[in-house]
Amino acid sequence: MSIQVKKSFFRKLLTFVPLILLFVSVMNEFDFNYLNYKYFSFNFPFILIYYWSLKRSESLGYGYIFIAGLFNDITIGFPLGVSGLTYLLICGFAAYLRNITLRPNLVNDWMFFLFTILFVTSINYFLLISIFSIEMNYYELMGNIFFTFLFYYIFAYLFDIYLKLVFKGNKNV
Amino acid sequence: MATSRDDFVIAIRSAFLKKGNQQRFSLIVLIFFSISLIVLSRLNVPAINYLKVSLNEIIYRASFVVSIPEQQLQNASIALKNHFKLYEDLKITKKKIKELEFEKYNSNYLSAENTRLRKLIDEYIVQSDELVAKVLLDKNSPFLKSIIVNKGSKDGVKLGMAVLDNQYLIGKIVEVNYSTSRALLVSDLNSKIPISVEPGNFLSILSGTGKSYGKIQYTQQDFNFQESNVVYTSGSGGIFKSGIPIGKVKIESNENIRVNFFSNLSQITFVKLISFEKEEIE
């Protein structure tokens with residue numbers, strides 16, 4: 001009985017891993033920037049939100065994503081609501097792709113991800129530069145988009161494995 | 001065309017307006033909420049500032065805790081980088097130690113010399129010219145300890161010039177060709193250098209042994225040698241400037257005083273050739 005309860009708890013905990021990862025990454029700036037490589041950084045929350053909104057939207061609720069956006073704004077020092085809007089737009093793009101896709105394909109998802117992050121980063125850039133007069137390094141931003149795009153393929157592959165292991169038998173997968 | 005447009009509208013509507021099974025808010029509601037927050041932030045509404053201050057308190061503390069693993073990773077990364085740099089650091093440190101040792105010996109000598117010169121005012125000062133030469137050949141036979149350098153008479157090399165490794169005396173020029181020269185090392189049996197042992201200003205002759213060390217010869221008076229004594233050129237005979245460090249005293253026995261050279265004479269790649277001239281004070 002006790003073992004059954006533990007197993008069930010552990011299984012339940014595993015389903016929350018994407019959400020835990022999201023909150024950890026927004027508070028931690030998980031981007032390996034301490035390596036001090038010029039222009040090297042990537043936006044892990046973008047990858048996480050896009051992938052899970054596309055593959056299993058109930059793993060990350062929109063409300064939690066919005067709150068994660070607020071946390072990210074506080075951590076980075078952006079005006080409140082900017083990251084939330086960015087994250088929710090990514091969710092919107094992912095939901096749109098999910099609706100129009102009959103046969104999911106990693107390369108198609110990857111290309112659409114590029115379009116998505118270009119669009120949302122442009123919105124983000126516009127808001128910060130035009131409305132809040134916050135200076136940003138355009139080249140670093142481009143580097144961030146490029147590496148985020150590259151890393152999506154790797155993380156998507158890893159998340160696919162995780163998805164199969166944890167949510168196997170689920171009709172949504 | 002119209003069907004395609006309808007599909008697009010349906011997909012967009014479904015993505016932004018439809019709520020999932022466990023979703024309390026649709027995407028569009030939260031997007032509008034975000035936009036409202038942005039506008040209120042821009043307008044500096046006090047309520048938003050209070051919200052931000054409250055969130056700051058919680059999130060900064062949470063961030064600190066959450067960042068601990070990454071901090072550990074960062075520390076590990078730095079430790080790893082330092083580990084790989086260890087060899088380079090060691091080389092730099094060794095070089096610095098050598099320089100500092102020279103500074104120390106030089107300073108000791110200058111201090112002793114200063115005390116001496118206070119009693120006697122010298123009548124001349126010494127000037128020097130300096131050349132850097134590459135060691136072409138390292139003749140390390142048991143009978144002859146010499147090196148061939150790539151500078152000769154065309155470069156201004158003269159007989160008797162002092163040969164230095166960094167700041168330490170290692171020999172003198174004994175043969176000058178047009179573009180090369182031979183230097184006899186202080187370790188050669190034929191090498192005889194007038195020296196001064198400090199502290200104490202004990203004058204003597206350093207003789208090579210054909211090995212990696214030299215011997216102090218022709219002691220004219222009793223002198224209490226100590227392991228801490230340092231051997232410098234004395235300047236007697238006018239060949240070398242006084243005060244160039246050569247080595248450190250090592251006592252084998254009362255009659256056998258060894259001098260361990262500061263430079264490793266078997267590993268020399270570049271040397272400095274220096275000449276000294278006496279100049280009368282006007």
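Reader: What pattern does chain A follow, read along the sequence?

Author: Chain A follows the pattern α-α-α-α-α-α-α, with 7 helices and 0 strands. Helices (H or I, at least four residues) and strands (E, at least two) are DSSP runs, numbered from the N terminus. This is a predicted model, in which local features need pLDDT of at least 70 and side-chain atom pairs count only at pLDDT 80 or more, while totals for chains, interfaces and linings use all residues. Residues are numbered from 1 along each chain as its sequence is written, and chains are lettered from A and ligands numbered from 1 in the order in which they are written.

Reader: And how many helices and strands are in chain B?

Author: Chain B has 5 helices and 12 strands.

Reader: What share of each chain counts as buried?

Author: In chain A, 39% of the 173 residues count as buried; in chain B, 26% of the 282 residues do. A residue is buried if 20 or more other C-beta atoms lie within 10 Å of its own, exposed if 12 or fewer, and partly exposed in between, with C-beta atoms placed from the backbone.

Reader: Which residues of H4(A) are buried?

Author: Helix H4(A) is mostly covered, since 11 of its 15 residues are buried. Among them are Tyr62(A), Ile65(A), Phe66(A), Leu70(A), Phe71(A) and Asp73(A). From its first C-alpha to its last, H4(A) reaches 21 Å, close to the 21 Å expected at 1.5 Å a residue. The expected span of a helix is 1.5 Å times one less than its number of residues. Just after H4(A), Gly77(A) takes a positive phi of about 95°.

Reader: Turning to H7(A), how many residues does it have, and where is its kink centred?

Author: Helix H7 (residues 138-166) of chain A has 29 residues and reaches 39 Å from its first C-alpha to its last, close to the 42 Å expected. A kink of about 30° is centred on Tyr152(A). The bend at a residue is the angle between axes fitted to the seven residues ending there and the seven starting there. Tyr152(A) is also one of the buried residues of H7(A), which include Phe149(A) and Phe159(A).

Reader: Against what do the buried residues of H7(A) pack?

Author: The buried residues of H7(A) pack against H3 and H6 of chain A.

Reader: At what angle do H3(A) and H5(A) pack?

Author: Helix H3 (residues 44-55) and H5(A) pack at an angle of about 35°, with their axes 8 Å apart. Axes are lines fitted to C-alpha atoms, for helices over the stretch in contact, and angles run from 0 to 180 degrees between N-to-C directions. The crossing of H3(A) and H5(A) is right-handed. A crossing is left-handed if the near helix is turned anticlockwise from the far one by less than a right angle, and right-handed if clockwise.

Reader: Which residues make that contact?

Author: From H3(A), the residues include Phe46(A), Ile49(A) and Tyr50(A), and from H5(A) they include Ile90(A), Ala94(A) and Arg98(A). Two residues are in contact if their C-beta atoms, placed from the backbone, lie within 7 Å. By class, this contact has 11 nonpolar, 1 polar and 1 charged residues. Ala, Val, Leu, Ile, Met, Phe, Trp, Tyr, Cys and Pro count as nonpolar, Asp, Glu, Lys and Arg as charged, and the others, Gly among them, as polar.

Reader: How many residues does the contact take from chain A and from chain B?

Author: The contact takes 32 residues from chain A and 32 residues from chain B. Helices H2, H4, H5 and H6 of chain A each supply at least two residues of the side that touches chain B. H5(A) gives the most, with 10 residues. By class, that side of chain A has 22 nonpolar, 9 polar and 1 charged residues.

Reader: In chain B, where is Asn44(B), and is it buried or exposed?

Author: Asn44(B) is found in the loop between helix H2 (27-42) and helix H3 (46-66) of chain B. Asn44(B) counts as exposed because it has 9 C-beta neighbours inside 10 Å. Its phi is near 55°, a positive value in a residue other than glycine. Most residues other than glycine have a negative phi.

Reader: And where is Asn166(B) found?

Author: Asn166(B) lies in the loop between strand E3 (162-165) and strand E4 (168-176) of chain B. Asn166(B) is partly exposed, with 17 other C-beta atoms within 10 Å, and its phi is near 55°.
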